[in-house]
Amino acid sequence: MFVALLQAHAGGGLPTAPLTGSRWLTAWSFEPVPLITIEVAAALYLWGVYRLKRAGNAWPVGRTLAFVVGALGSALIATCSSIGTYDEVLLSVHMVQHMILAMTTPVFIALGAPVTLALRTLPKRPRRWLLTVVHSRVVAILTFPVLAGGLFIATPFALYFSGLYEQTLRHPWLHDLSHLHFVLIGCLWYVPLLGIDPLPRRPSYPLRVISAFLTLPFHAWMGVAIMSMNTLIAGDWYLSQHRTWGPSPLSDQHIAGGLLWSSGDLVGVVVFAALFNQWLRASQREARREDRRLDRLEAEDAARAALNARLAQAAEQGPR
């Protein structure tokens, strides 16, 4: 079992064993680029949390779990588990990988607030550099909802309805780059919606809800389109494998379209739940701030009234 968990992806080529039964759990591959990236990201984040707590400052456990377990854990499963092992063999498996990297991983990155953690732990000069980048015009443009939402919607259409997807299957470096692209595009979209990290500007909660709602139909439309196609996506690649197990390439493509259709709605429900929770908590914080402001005004009015009463009483008594 442990040998299967450490299959060498580069040395063994595409897997030929059927993806059934226990292989869903044991067919892990060693993918150097994503694995090293995930390990470095986890080490840096946990080092930041340790340094913050050593200085006596608190950092929510939920954010640590969101980033390390949710974001990095989902990325690890998408690239190194059986999903990563068979992502070039079955389009349906690749579609699961795509949805994890483009939607699940970025959502948890946004909730993990890595930039906020870095700003609280970095030395003065690197912190100034990071603040310059965060508040730059480039970041403001890229995270603008119209542009970020457009890129998020256009990416799968440009990938699957052109020859680009087949090129990612034929070139390992382009394959790894596509994984990074999924995560980055997802972050550009979900960080302004759900994130805690500072940005040049952030949409109001009503606008965030409307924006999230407007993007939902596009994944469903694309999923239905793929389910309805009789032409294979990356057909030369999949037909050249001469696979004798599992669904036919066309049936597998229809399964991939169904997964894209259903998973987009499922992630959308999670995003809406997180948005409404954040909106509620922000409203409660604003209500508490307003209550404190009104209490201060009331106390000031009471103190002023008491002072005026004493002055009036002193004036009535006059000098003795």
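**Charges and backbone**

Modeller: Arg170 and Glu166 are separated by about one helical turn, because they sit 4 residues apart in helix α12 (residues 164-170); helices are DSSP runs of H or I with at least four residues, strands are runs of E with at least two, and both are numbered from the N terminus. This is a predicted model, so local features need pLDDT of at least 70 and side-chain atom pairs pLDDT 80 or more, while totals for chains, interfaces and linings use all residues. Residues are numbered from 1 along each chain as its sequence is written, and side-chain values use heavy atoms, without hydrogens and water.

Colleague: What do the side chains of Arg170 and Glu166 meet in?

Modeller: A salt bridge, at 2.7 Å from N to O. The term means a side-chain nitrogen of Lys or Arg within 4 Å of a carboxyl oxygen of Asp or Glu.

Colleague: How many salt bridges in the whole structure?

Modeller: The search finds 1.

Colleague: Is Glu166 buried or exposed?

Modeller: Glu166 counts as buried, at 16% relative accessibility, whereas Arg170 is partly exposed at 39%. Buried is under 20% relative accessible area, exposed is over 50%, and partly exposed is in between (1.4 Å probe, protein chains only).

Colleague: What joins Arg23 and Tyr86?

Modeller: A polar contact of 2.9 Å between their side chains. That is a pair of N or O atoms within 3.5 Å; within protein, one must be able to donate a hydrogen and the other to accept it, and residues adjacent in sequence count only if both atoms are side-chain atoms.

Colleague: What about the phi of His242?

Modeller: Also positive, about 50 degrees, and His242 is not a glycine. His242 lies in the loop between α15 (235-240) and α16, and is exposed at 64% relative accessibility.

Colleague: Last one: where is Arg288 found?

Modeller: In helix α16 (residues 249-317). Arg288 is partly exposed, with a relative accessible area of 44%.
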